[in-house]
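The stops below go from one selection to the next.

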Amino acid sequence: MLSMKQKEDTRSTGNGTLIFTWIALLLLTGLTVWIAGVNTDRHGVAVNIIIASVKAGLVLFVFMRLKYESLFFRLILLLIVITLTAIMALTFLDVLYR
Amino acid sequence: MGTDFYMNTEGRKGVLSWILSTDHKRIGLLYLYAVLGFFLIGVIIGLLMRLELMAPGRTIVNARAYDSLFTLHGIIMIFFFIIPGVPSSLGNFFLPLQIGARDVAFPRLNLLSWWLYVIAGLTAISTIFLPGGPPDTGWTLYPPYSIKTPTNVSGTALAAFIVGFSSILTGLNFITTIHRLRAPGMTWFRMPLFTWTLYSTAWVQVLATPVLAITLLLLILERAFGTGFFDPAKGGDPLMFEHLFWIYSHPAVYVMILPAMGIISEIVPTFSRKTVFGYKAIVFSGLSIATLGYVVWGHHMFTSGMSDVSSMVFSFITFAVAVPSGIKVFNWIATMYKGSVEIKPPLLYAFAFIFLFSIGGLTGLVNSAVATNVHIHGTFFIVAHFHYTMFGGAGFAFFTGLHYRLPKMTGRMYNFRASTVACIVLFIGFNILYFPMFLLGWQGMPRRYYDYPPEFHGNNFISTIGSWILAAGLLIMFINLARSLFKGEKAGNNPWDGTTLEWQVSSPPPQENFEKIPHITRGPYSREKNIL
Amino acid sequence: MQALVKYTDDVDAKMGMWLFLFTEMLFFGGMFLLYAVYSTKYSADFSGSSSELNRVIGTFNTLILITSSFTAALSLSEIKKGALQSASICLGITALIGIVFLIMKYIEWSAKIGHGIYPGSAYLNEMAHGKVLFYSLYFVMTGIHAFHVLIGIAVFIVILFMLRNGTVRENNSIKLENAALYWHFVDIAWIYLFPLLYLLR
Ligand SMILES: [Cu+2]
């Protein structure tokens, strides 16, 4: 609504936070490669996907400033995750029980 | 009143003042003409198909040409008429007017959508003239055949890919517009129902179309490089194409039908001179149709060799979709109950819609039960069901919307007598054309064949006669509407005594819609006057 | 005729961008669905082929792409402070890293193609079904991702010019912000592609 229009968002993430996030992302990448090296079964893959999701979360919330955005954006992100999960689940209902 | 938007050429001359304009009203009209153009092509192809099926054996075309006819008919009608039809033309024109905005959120993106739509349409048509010829796979483009056929499947897939992009851009434009540009006081539950359905539709467009885009791209790559994703010879699974295809294409059905329901939900209260019955129930049923519609795609694959478990689950959820659709029909009827109903052309078309769509919906239940589906899958029963929902439903709602809103768009009124005659002819022709198909399907006549055994002759013959009556109805209707542009009487600002915002501005609307952004103090169907 | 009054603001533009990114997520989602189904069906072939990919290049590309995401975020934070010079430098670094990423991708692809491994090659078609599908997914997914990287680089170059001529500036940074959002998304897509393609064993 026009009356509710916010002013341009001037909050800026401190460079310290950005650097910290960057280093965390690099370390998590290292961790993921290390896990793939030592753990060769499918658990390793699952753990690596979880680590990837943590990394994606960091990028989304810090770099993409989702923590500053309105609740609406986060809800839609949730909606997308639910949508993708539902599609995967229903497709596997076919693939696994065929 | 100030100048109407036809006079605002933004300094451009002639046709350029249209095809380069970012005014949502001009773009809405551009879409309207383009969409009707493709509809005309689709109708002609449809008539040719009926002519071929008029008698057993070869009548006018051979088997190969018939395959191309039904493929092109499907591609053009679905991707270029019925999906963009209402949202892009009427939606574009009326969405900002209904919420008290000057334009959509991204006017240039809006123009880009139209251009992409036109380019996609030309790409689809060009497959007819390019080497390889038009596709012969059916509009669903199922592999493995679509991988092997030498016809122009890739060109068709590319066209659908581009038009999908156009659809996504329209969707995200509408969502942003509705979230951000509503006039002060226009709360969510003061939004007109047409806007609400455009909102639900926009979400489906945004959430489902990308899946179609990647599916078509993968099909193109499959044909170009032999990636093997859908090719059983390389370990790929053709059923994965069907899954991906219907993950989009079932929700797309709701892109077609939700705005149609929105049109009807506005017209019924206007001509009953009452506020709508169960406003919130209609809103939430629209949203739940959009949500449930996302997880029922498997009902197109009952006979494809999908697992039994998933068939049962998909069948069950499909039955659930009937509930919110039923709620809407109930609300429309309850709105008319004890209202002072005036039967003017828009309401007449709305009646035709409700009747035809109900038949389409009820026969949908026959399809959604696995046991009966196995019997009628791939027969003319499906063709009939589909046309009752999509043509009798979405198509007739589009005509309804045109009769309701064209006087606002052009400022001219059409002839009531002619449009009443057209509606009756259309209704009769429609039923003569499509009802025999239910019988044919039930007797086991498969679709997509140019020939049939003699025992199916009678119903096919009747159906073809029906197609001519329907075509006559279309002719009367469009001539009458076109004539109104030149010879129609001035319609006045509010010919139907409508209550939503667009009826409070002049006809045709002024160039920036409102001289001053209105302040909204009442619900959309409240009969208190004067908001502007 | 007076010009249309500007009635939209940066929040609208950002919302449009986010919605577009959500559609991108579903676009990639379609490929991930195929990946999930085929990697379940042919798990042995998938991990076998995965170990044939160049893990060093894969890891290197992951590290630099993350770094470029960081410099893009830094560029935005700098421009909001009014430090246009350092914003430009950060953005330039981002685009350069994108180019390096593509060069590495080119080296990686050429090596595979040099061995006769590419979708539709006779050599690949002789192999087990799971391998054919893995390599097709590998080429298509990294290819579509690389295409997104290419678009991102082009957008950044345009924005660099806009920074120079003053179109993008301290109090008008939405174009930069949206471009950065897009780039972060490209980064996220790679964050998932990396373990799924390179680290199955
Ligand atoms: Cu369906």
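**Stop 1: the metal site**

Along the chain, the donors of the copper ion follow the spacing H-x48-H-H. This is a predicted model. Select the copper ion and show the side chains around it: the coordinating atoms are ND1 of His250(B), NE2 of His299(B) and NE2 of His300(B), at 1.7 to 2.0 Å.

Now colour by secondary structure. His250(B) sits in helix α8 (residues 238–272) of chain B, while His300(B) is in the loop between α9 (279–292) and α10 of chain B. The two are 50 residues apart, and the pair links distant parts of the chain.

Is His250(B) buried or exposed? Its relative accessibility is 6%, under the 20% cut-off, so His250(B) counts as buried. His300(B) has a relative accessible area of 22% and is partly exposed.

**Stop 2: a helix pair between chains**

Select helix α3 (residues 71–97) of chain A together with helix α10 (residues 308–336) of chain B; their axes are 7 Å apart and the packing angle is about 150°. Angles over 145 degrees count as roughly antiparallel, so that is how α3(A) and α10(B) run relative to each other.

Show side chains at the contact. From α3(A) come Leu90(A), Leu93(A), Asp94(A) and Tyr97(A); from α10(B) come Val309(B), Ser310(B), Val313(B) and Phe314(B). By type, the contact residues are 6 nonpolar, 1 polar and 1 charged.

**Stop 3: confidence**

Finally, colour chain A by pLDDT. The average is 84, and 84% of the residues score at least 70. Select residues 1–8 of chain A, where the pLDDT is below 50. Beyond near neighbours in sequence, this stretch has 22 contacts in the model.

Methods:
Residues numbered from 1 in each chain as written. Chains lettered and ligands numbered in written order. Predicted model: local features only at pLDDT ≥ 70, side-chain atom pairs only at ≥ 80, totals over all residues. Heavy atoms only, no water. Axes fitted to C-alpha atoms, helices over the stretch in contact; angles between N-to-C directions. Helix = DSSP H or I, 4+ residues; strand = E, 2+ residues; numbered from the N terminus. Parallel < 35°, antiparallel > 145°, perpendicular 65-115°, else oblique. Contact = heavy atoms within 4.5 Å. Nonpolar A, V, L, I, M, F, W, Y, C, P; charged D, E, K, R; others polar. Donors = N, O, S within 2.8 Å, 3.2 Å for Na, K, Ca; no water. Buried < 20%, exposed > 50% of the residue type's maximum accessible area, 1.4 Å probe, protein only. pLDDT = per-residue confidence, 0-100.
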